[in-house]
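Dear colleague,

I am passing on the structure below, together with some notes on what turned up in it. Please read the notes alongside the coordinates.

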Amino acid sequence: MSNPSALRVVRRVPFWAQIVAGLVLGVLLGLLARTTGTEWLTTTLATIGDVFVGLLKAAVPPLVLTAIIVSIANLRQVTNAARLATQTLLWFMVTSLVAVGVGLGLGILTDPGKAADVVPEGASYDGGTGSWLDFLTGLVPANFLGLSAGDGGVSFNVLQLVVVALVVGAAALKAGEAAEPFLGFMRSALAVIQQVLWWIIKLAPLGTLGLIGTAVATYGWDLVGPLATFTIDVYVGCLIVMLVVYPVILRLNGLSPVKFFTGAWPAIQLAFVSRSSVGTMPLTQRVTTRNLGVPEEYASFAVPFGATTKMDGCAAIYPALAAITVAQIFGIPLGIQDYLLIAFVSVIGSAATAGLTGAVVMLTLTLSTLGLPVEGVALLLAIDPILDMIRTATNVAGQALVPTIVAKREGLLDQAAYDAPRGDALGEEPVVERAEVAA
């Protein structure tokens, strides 16, 4: 017999569980490829990971352009837009200052460069530099969309694209009624782009498999040994910021750290495997609005802006530790004024890395400002992929944290959404199906 009226809830496999499954399988396949020397498996994993990251990055420019234009146009409904922008920048600086303090403290306590007596094989440095003028170069668009062409094809500068979108959005706001057809088109385009992005993000478990598998198959842990203390310091520093500093800030603002991390976790784990703050930005914006309760109008400005300038991992913890490490490798003593300069460069100078190779250029800027040998960059490049995973995860956690804190302080946060049971971390509802139950 059966009871046709019986109901059961069939839950889809949660997104986080899919990611974890891809992570575990990727590690196993990567170990298999590395131990057996199976070149085709390594190539397949690399292709899967590259395609996924490529899809994410390809979708970012239209998302940034349409989302910011629409959000700027919607500011007519927000009375404290200037205050929100000021508060966002202030919290970016405060959290970056704390992060660089953590990096300096670990570096002073552990002396990571004294044990680094072996130069990693395969390290190379192309002579790229960072300077304070890079900020202006990265800010002023070279063309309408901040596009540039090189050997690797056409690329874009995210910060320039943000500037273009801000200007166009402000112009549409000023034009008033005459701009309504244009804004209607941009709103429709944004809805379509967000749907496409959601389809791409659904591929994240497969992308995780490829990216982690490639890292294990290509690098393993062989490159960590000579710089073990430095590597551990970077991971410990990032974890202190994420799991100690951020929860304290949340508590001080009356928010649950558990709810924050369960809400932001999909973006944090995607950042860890993709190693791209910009590529993760669509998911960061989604969880910030849907899971953490930040208004869409504000998040569409704060998250893209944070993805270009808010980098506690790459621009605060890492350059502080790396500068100390390089100085110790080359036997150069650092004084209190040098540590203060590292903090200043990290907090103010992170915008100079926008649109460039974030951590590498930030390190170069720090070393050149301190007068340390820029050749030290080459010493750390061989293990950079291993470090970049935790750095990017920290970046993205901070990019979700600041809009949440600002929205809370300004009375804009949807507390019900923030406190809601997570279920699936992406906020998907369980599927209710009618089932026949055997008697």
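E410 is buried, at a relative accessible area of 17%, where buried stands for under 20% relative accessible area, exposed for over 50% and partly exposed for what lies in between, with a 1.4 Å probe and protein chains only. Please bear in mind that this is a predicted model, in which local features need pLDDT of at least 70 and side-chain atom pairs count only at pLDDT 80 or more, while totals for chains, interfaces and linings use all residues. Residues are numbered from 1 along each chain as its sequence is written, and side-chain values use heavy atoms, with hydrogens and water left out.

E410 forms a salt bridge (a side-chain nitrogen of Lys or Arg within 4 Å of a carboxyl oxygen of Asp or Glu) with R83, and their closest N and O atoms are 2.8 Å apart. Because E410 sits in the loop between α16 (384–409) and α17 (415–419), whereas R83 belongs to helix α3 (residues 81–110), the pair ties together parts that are 327 residues apart in sequence. R83, for its part, is partly exposed, with a relative accessible area of 46%.

The count of salt bridges comes to 2, and R391 and D388 also form one, at 2.9 Å from N to O. These two residues both lie in helix α16, 3 residues apart, or about one turn of the helix, and both are buried.

As for the chain overall, it has 17 helices and 4 strands, taken as DSSP runs (H or I, at least four residues, for helices; E, at least two, for strands) and numbered from the N terminus. Of its 439 residues, 53% are buried.

Best regards
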